[in-house]
Amino acid sequence: HAEGILKDAMNEAAAIYGTDRSWYLVNGSTCGILSAVFATTENGGKILTARNCHKAVYHAICLNRLEAEYLYPEEITEFGINGGIRAEDVRKALEKDAMHCAGNSGDVRGKITKIQAVLITSPTYEGVVSDIRVIADVAHEYGIPLIVDEAHGAHLIFHEYFPDSAAQCGADLVIQSTHKTLPSFTQTAVLHLCSDIVAKEQVEESIDIYETSSPSYLLMASAEYGIMYMKENQGQLAEYVDNLKNFRRKCEQLKKISLLNQKKLNCFAYDNGKLVFSVKGCGINGKELFQLLYEKYHIELEMENLTYGIAMTSICDKKEDFDELWKAISEIDKMCEEKEKKNR
């Protein structure tokens, strides 16, 4: 029940993101996901969710005893990562459920389903963005809200270089981690209500359950700071985008390591703020790339697995930071090339 400066701060966040209501969260996007699921489903109900969703979604399914039906993302086998969620798969799942509800009558004109909400992750951890606008239209044909876990997309609305935010594309509830891509403390997040298909009272009641009743003012102030920093530092934001463009241009010279982008992944849209280095066929795996960068160049990646490594970037990264990363990646790339020549 926010009043005074807290209410004003959250109203300002809603105005910046163009949403109906916004709530700061001090229990991370986990709290936002739990709240969104509970605000849109009944105990024992059914949810249509992406199979590559965050574990918080599975916790919500368990806690509310939901029946889950899964949407499987496209497989990008060349690079060993998940692609986006297809709108046609959402439609097929909802049509199938409506047919089941219609029974022998076969009358699906009312489009009645047991599914009470659709939930997907966009952008993914690797930066893949799904066609939220079309997916939202499909869900709304059945009167069902679309929840988007946009934990890695709090920065998207601030520059045209990035894809549109789900909050701009028809999603009903959008969860963002301000601490992932904005200059905010770990554990800070924001939950946006973007339509009237879900009552704000339902959302507030759910947040009441899952968020601490003694929120930290340091964390709330930090979430506000991160958002306002992006809004008020347009020059620095433009410099950050230029650094990303220049870095990506340089990486076109790489012979073995591949910096992933929308064209290579053939996906609907891509967050170019994510630097995903594919090392398939390089003679090293992602874990070795991580160790080389960490031990030799003192650069720590966000994450690694067998086929790639992810570097997170933000408005606070300077030109010299990108220069250091380029120096390291280009040297490792040459090492991989020379290693391949020796083994021929």
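In the predicted model, the side chains of S165 and E150 are joined by a polar contact of 2.7 Å, the term denoting a pair of N or O atoms within 3.5 Å, of which, within protein, one must be able to donate a hydrogen and the other to accept it, with residues adjacent in sequence counted only if both atoms are side-chain atoms. S165 is located in the loop between β8 (146–149) and β9 (173–176), where strands (E, at least two residues) and helices (H or I, at least four) are DSSP runs numbered from the N terminus. S165 counts as buried because its relative accessibility is 0%; buried means under 20% relative accessible area, exposed over 50%, and partly exposed in between, with a 1.4 Å probe and protein chains only. Apart from neighbours within four places in sequence, S165 is in contact (heavy atoms within 4.5 Å) with E150, L156, I157 and Q176. The C-alpha atoms of S165 and V129 are separated by 9.4 Å, although these residues lie 36 residues apart along the chain.

Residues are numbered from 1 along each chain as its sequence is written, and side-chain values use heavy atoms, with hydrogens and water left out. As the model is predicted, local features need pLDDT of at least 70 and side-chain atom pairs count only at pLDDT 80 or more, whereas totals for chains, interfaces and linings use all residues.

In contrast to buried S165, N43 counts as exposed, at 54% relative accessibility. When residues up to four places away in sequence are not counted, N43 touches L63, N64 and R65, while the C-alpha atoms of N43 and T30, 13 residues apart in sequence, are 19 Å apart in space.

Zero disulfides, defined as pairs of cysteine sulfur atoms within 2.5 Å, were found in a search of the whole structure. C31 is in no disulfide, the nearest cysteine sulfur being that of C194, 16 Å away, and C31 is buried, with a relative accessible area of 2%. For C251, the closest cysteine sulfur, in C282, is 12 Å from its own sulfur and therefore too far for a bond; C251 is likewise buried, at a relative accessible area of 5%.
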